[in-house]
Amino acid sequence: MPSDPLLQPFTLKKLTFRNRIITTSHEPAYPEDGMPKERYRAYHVERAKGGVALTMTAGSAAVSRDSPPVFNNLLVYKDEVVPWLKSLADACHEHGAAVMIQLTHLGRRTRWDKADWLPVVSASHHREAAHRAFPKKLEDWDIERIVKDYADAAERVRAAGLDGIELEAYGHLLEQVWSPLTNTLDEPYGGSLDNRLRFTFEVLRAIRARVGPEFIVGIRYTGDEVLDGGLNRQDGLAISRCLKDSGLIDFLNVVRGHIDTDPGLTDLIPIQGMASSPHLDFAGEIRSATQFPTFHAARIADVATARHAIASGKVDMVGMTRAHMTDPHIVRKIMAGREDDIRPCVGANYCLDRIYQGADAFCIHNAATGRELSMPHRIGPAAVKRKIVIAGAGPAGLEAARVAAERGHEVVVFEASSRPGGQVRLTAQSHRRREMMGIIDWRMAQCTARGVKFRFDVMADAQDVLAEKPNVVIVATGGFPQTEILKSGNELVVSTWDIISGHVKPRASVLLFDDAGDHAALQAAEFIAASGAALEIMTPDRTFAPEVMAMNLVPYMRSLQKLDVTFTVTFRLDSLARDGDRLVAAIGSDYGGAARTRRIDQVVVNHGTLPLDELYWALKAGSKNGGAVDHSRLLAGVPQTTATNPQGAYQLFRVGDAVSARNTHAAIYDALRLVKDL
Ligand SMILES: Cc1cc2nc3c(=O)[nH]c(=O)nc-3n(C[C@H](O)[C@H](O)[C@H](O)COP(=O)(O)O)c2cc1C
Ligand code: SF4
């Protein structure tokens, strides 16, 4: 028996988990037609191969038609889900992982203008701020049909051969009935705590009647809403005991907080810059009060913290959910004594934020996650060893170097600065976002272990590159801020990078014109506002910071709201003129509604980047392919063969912002999908 607490088995009824690490339910929005098809299966199979004990599939899989898919959820109210779930479960079982699914009725946590346009139901007419639907109040016949829907769904799951189910209570219909804040029902479902739990126990009894006593049934719920007038800690302990004493369930999966607003959700599922494992002690209290199998996840992103969670007896099974989106092979690496090789989850929350934008989940720095059908998590060796020269050690260049080195190529990286990181290093200037350097540090360690040669402080020109006699050159030189966007007065502005890097100090009154809507603007805004300056952030868009998604916006707002910041939407900075030692800004609007002026000390412009592509153009004529990328071969996952210039001595490619301004994920994906076939 291994001595690592994380590697101890754990038994629930007839099911033995091979270790203590699980992925809790998380809907990555990969279903097709509401079904877990090939992409979905491949995603979970990769985690099963990586050694996880239990993969809790879905997230909020819908049991009823009036729980429409708000982030492309699985539709377990359809019989056709059974064969899809079965093939997923069989494939994961082959690799030794247990497989369960989370079932739910979302109640008011969805929208009525999705799927069948049925009215949204809840235990009151109170609207949930995050999804904005005004719900219908549950009637007796709603309760009857939803109880039956849960039982039907559970029966489908059992028929598919999964090991169990988990009911999602927190923030969803079950808990909307529990919480005094959202339940205005009359007796027997409203009023006392016993009444408010009645619906849940009716659901659990109906499920048990269908799936029998041996099938595993658990529940995920908040033990403390942390909201005035909501369920508090004492309620949470009472509910936990009732659930255990009912004899209807096999495990508790406890969270802490509420999810009806973006800030609430972010405290429940913390992101980078927030505390590690903030609710673990609370989960431990629930476990010690109930002496019942307890699961828990909330920003337990590293193995040491996970090990502590188990060794200290706070929980029985520890969730490392986003950590597995970054690296699906955590357990395999622990078992091989290779913990240092684990790609770290940096808490960027690109994954979760995307699903709330209606998109599919991707990890900011593992471009293979969610693309298992086309992108490898493990890179195989190339048939022929080649010399690959890369210019730029930002995320794109380092991903190219890492993948090329794993392919067994000889790799040289030139970097103009004295340190790697590119724009990620700039991001990490914000204390709260310094974990982003994990993206760089992990790649540097991987590259160094594979013999990649780095030449720092070299602004490589064509001669430097050609002196290496490369077979392939990859230009990953990034971009520089684009600020020349005004009708006049461009010379008077500074860029967000000037502020973030500290090269330019904020003055007393600042106008920040944000025409890109991304992190750089808010990051600069934090530096400016923290200096004591009066700051106005202006955007021509109809919303503020449109590229900074919901949960990532929360920490920015928390800090900016405390400071002297004005937010102005739908106005555009047109031009700028000097007036003594001050500036006069002419403000217009794409809507044509009004023109304004502002008298300020400093103007900061955020408008993305332009490619730093001099090297690319210098190398283009001498390349075999003229820098061309054959898109059909790239997308088919086969090597690039374009040879428009047979005299050319090397293949030439560009990746990341050296092509056009995008983001870290795009830069890394550019590099992975090109270099995996070189
Ligand atoms: C893309 C994504 C979707 C999620 N969807 C759900 C969900 O539907 N139901 C749920 O209970 N939790 C959901 N979660 C939350 C996770 O189960 C987990 O509690 C959370 O990510 C915190 O754990 P971690 O820090 O180990 O990632 C989701 C998480 C992610 C990243
Ligand atoms: S996007 Fe960020 S939070 Fe999400 S899995 Fe990747 S590193 Fe972790």
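This is a predicted model: local features need pLDDT of at least 70, side-chain atom pairs count only at pLDDT 80 or more; totals for chains, interfaces and linings use all residues.

Colleague: Where is Arg432 found?

Modeller: In a loop. That loop runs between helix H14 (423-427) and helix H15 (437-449).

Colleague: And which side chain does the side chain of Arg432 make a polar contact with?

Modeller: That of Glu526, at 2.6 Å.

Colleague: OK, helices next. At what angle do H18 and H19 pack?

Modeller: About 20°, and their axes are 10 Å apart. H18 covers residues 519-530, and H19 covers residues 550-560. Angles under 35 degrees count as roughly parallel, so H18 and H19 are roughly parallel to each other. H18 passes H19 in a left-handed crossing.

Colleague: Which residues make the contact?

Modeller: From H18, His519, Leu522, Gln523, Ala525, Glu526 and Ala529. From H19, Asn552, Leu553, Pro555, Tyr556, Ser559 and Leu560.

Colleague: How do those divide into nonpolar, polar and charged?

Modeller: Seven are nonpolar, four are polar and one is charged.

Colleague: Switching topic. How many residues surround ligand 1?

Modeller: 21 residues do. The closest are Thr24, Ser25, Ser60, Arg220 and Arg299.

Colleague: What lies 2.7 Å from an oxygen atom of ligand 1?

Modeller: A polar side-chain atom of Ser60. A polar side-chain atom of Arg220 also lies 2.7 Å from an oxygen atom of the ligand.

Colleague: And which part of Glu27 lies 3.2 Å from a nitrogen atom of ligand 1?

Modeller: The backbone, through an N or O atom.

Notes: Residues are numbered from 1 along each chain as its sequence is written. Chains are lettered from A and ligands numbered from 1 in the order in which they are written. Side-chain values use heavy atoms; hydrogens and water are left out. Helices (H or I, at least four residues) and strands (E, at least two) are DSSP runs, numbered from the N terminus. A polar contact is a pair of N or O atoms within 3.5 Å; within protein, one must be able to donate a hydrogen and the other to accept it, and residues adjacent in sequence count only if both atoms are side-chain atoms. Axes are lines fitted to C-alpha atoms, for helices over the stretch in contact, and angles run from 0 to 180 degrees between N-to-C directions. Angles under 35 degrees count as roughly parallel, over 145 as roughly antiparallel, 65 to 115 as roughly perpendicular and the rest as oblique. A crossing is left-handed if the near helix is turned anticlockwise from the far one by less than a right angle, and right-handed if clockwise. Contact means heavy atoms within 4.5 Å. Ala, Val, Leu, Ile, Met, Phe, Trp, Tyr, Cys and Pro count as nonpolar, Asp, Glu, Lys and Arg as charged, and the others, Gly among them, as polar. A residue is near a molecule or strand if one of its heavy atoms lies within 4 Å of it.
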